[in-house]
Amino acid sequence: MIDLKALRANPELFQKAVQLKGMDVDVARLLKLDEQRRELMARQEAARSEQKKLGKEVGPQLGKLKGQLKSATEEQQKELTAQVQVLESKPAALKQEIHELDEKLKVLEPEWRHLWLCLPQPPDSDVPIGASADDNVELRHWHPSWFDPKRSFADNKGFEPKSHIELVKKLGLADFERGVKIAGSRSYVLTGAVMRLHQAVLQLALQYITEEHGFQPVSVPVIVREQTMEGTAFFPHGKDQAYLVDEQHRGGTHDLWLTGTGEVSLMSLHADEILDVDQLPLKYATCSTCFRREAGAAGKDTAGLYRIHQFDKVEQVVICKADEEESRMWHEKMIGSVESLLQKLEIPYRLLQCCTGDLGPKNADMIDIECWMPSRGEEDAEGNPSGQLGETHSASRLYDYQCRRLNIRYNDSDKRAICHSLNNTVIASPRILIPILELYQNPDGSISIPTVLQPFMQGQKVIA
RNA sequence: GGACAGGUGGCAGAGCGGCUGAAUGCGCUGGUCUCGAAAACCAGUAUGGCCUCCGGGUCAUCGUGGGUUCGAAUCCCACCCUGUCCGCCA
């Protein structure tokens, strides 16, 4: 959410932000509604002020007159009633005026508010301008010595790769058919060692981020109120992507929503709180099940574990002081910690600087990480895939955009300010199982378990 | 799911139609006193919006939303939340 004062002072900046992000928000209309709203409110306040003043003068007199009415003769009653009417006429007119202004505000406010909520965070000046993910810019890449994605899989490992789908099917450790039978498209069942591998990678990530990087582990709700989705700025823009728990339909008082990321609840922990500067930065991590409708992705990545409706994710957030340097520092730190985790897992990856068009409404800056997935990409004449990088991580910097909506503030000596927030994927599984399963496969279809994951799998070294 | 009780400032707690943005106590901040501290005493101490000639002005907020009234923390309705007991249950 944008500071309306900032919008009024510099509308061009926000007009440009809308354009850079390829969004459709009528900034001029918002400004106009904002002006109308303030004008109506000013008139209403003046009327209320008058009403209050008048009430204090007239009220006691009215009380007295009405008291006298009870014991008055018929003649006196007429006289007193007339006096009451005179006294009541002016406040009544004001009441009517206030009511009418109220009605006008009620008409105007929903649209005003919607536009305000839709107004995006301007991209940072150093974010490259671009229309879509195709314009994202590679920052750096890394790979372990034993696998260079510049060469083919066969060149690296001496045999042609199987996809993670083939591998787990052959091992009998995943069942997509039954997943679909139970829950519909993009559903899956993991079994045995692959289920344990899924748990292992999550455990490793949570332990790593909490113990080595000092993030506080928190277990949070994944079914939340609409205001929680709105406060974290996933709504209104991302409403299509969230599953609705339609409680009203069956007589409940309010609906609930399934969260698509642990960020929603982690960020909402301190909604409407005024923190002390000494409490900052707050560093939280959670492991939560994430639900995504994948609306608009029909026909895309339909097979396997890449694009699915339900997965688990270790997510980290930082709530810090309103300081650009500090925000940038945490962004770097979080990205660095994920890089080092991927290096422990020995997965080739690259960092992408997302361009303006790929940022989403709430981000000032976003860095994605893509991991090497041998089964993706074009197939050659023999049907062997080229391999391709696939998105597995995303690190966002939001300045005060999210905390303003959530109303998370802090006291610093005699100043009060809105906090900054950041969030980042530590690991999302099963998607991360794709590079792990495919890169660590052996010619016989067995899968070696990465060394760092073995302690989380009772020392098991191979899935066969 | 059933039956009660209750939601007021940082905390405790009064108020139950106008004098109440709110008594009192605690806490916190500053000051007096003191070699220093404690105690005592004095003063200050909610949040947000709008306007401002930057002195201030004004409105809203006593769980939330409606209503009654010239006027609501106070009366009425709905909802939310918390506590206690019973039932069910991972």
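This is a predicted model: local features need pLDDT of at least 70, side-chain atom pairs count only at pLDDT 80 or more; totals for chains, interfaces and linings use all residues.

**Entry 1: the whole chain**

I looked up the secondary structure of chain A and got 13 helices and 16 strands. Next I checked how far the chain stretches. The C-alpha trace of chain A spans about 110 × 45 × 45 Å along its principal axes. I also looked up the radius of gyration: chain A has 30 Å, while a compact globule of 464 residues would come out near 23 Å.

Then I asked how much of the chain is tucked away. Of the 464 residues of chain A, 48% count as buried. For contacts with a separation of 6 or more, 72% in chain A come from residues 24 or more positions apart.

**Entry 2: who sits around the RNA**

Taking the atoms of RNA strand B within 4 Å of the protein, 76% belong to sugar or phosphate, and the rest belong to bases.

**Entry 3: single contacts with the RNA**

I went through a few side chains one by one. Arginine 416 has a polar side-chain atom 2.5 Å from a phosphate oxygen of RNA strand B. Serine 49 goes to another kind of atom: a polar atom of its side chain lies 3.3 Å from a sugar or linking oxygen of RNA strand B.

Which elements give two or more residues to this surface? I found α1 (4–9), α3 (27–70) and α4 (74–118). The largest share comes from α3, with eleven residues.

Last stop, a sheet. Strands of a sheet pair through backbone hydrogen bonds, either parallel or antiparallel. The one I picked is open and has three strands in the order β3-β5-β4, with antiparallel pairing. Its edge strands are β3 (223–224) and β4 (244–245), and each of them pairs on one side only.

I zoomed in on β4 and β5 (residues 256–258), which pair over two bridges in the antiparallel sense. Valine 245 has leucine 256 in β5 as its bridge partner.

Definitions and conventions
Residues are numbered from 1 along each chain as its sequence is written. Chains are lettered from A and ligands numbered from 1 in the order in which they are written. Side-chain values use heavy atoms; hydrogens and water are left out. A residue is near a molecule or strand if one of its heavy atoms lies within 4 Å of it. A polar contact is a pair of N or O atoms within 3.5 Å; within protein, one must be able to donate a hydrogen and the other to accept it, and residues adjacent in sequence count only if both atoms are side-chain atoms. Helices (H or I, at least four residues) and strands (E, at least two) are DSSP runs, numbered from the N terminus. Two strands pair if DSSP finds at least two bridges between them. The radius of gyration is taken over C-alpha atoms; the globule rule is 2.2 Å times the number of residues to the power 0.38. Buried means under 20% relative accessible area, exposed over 50%, partly exposed in between (1.4 Å probe, protein chains only). Contact means heavy atoms within 4.5 Å.
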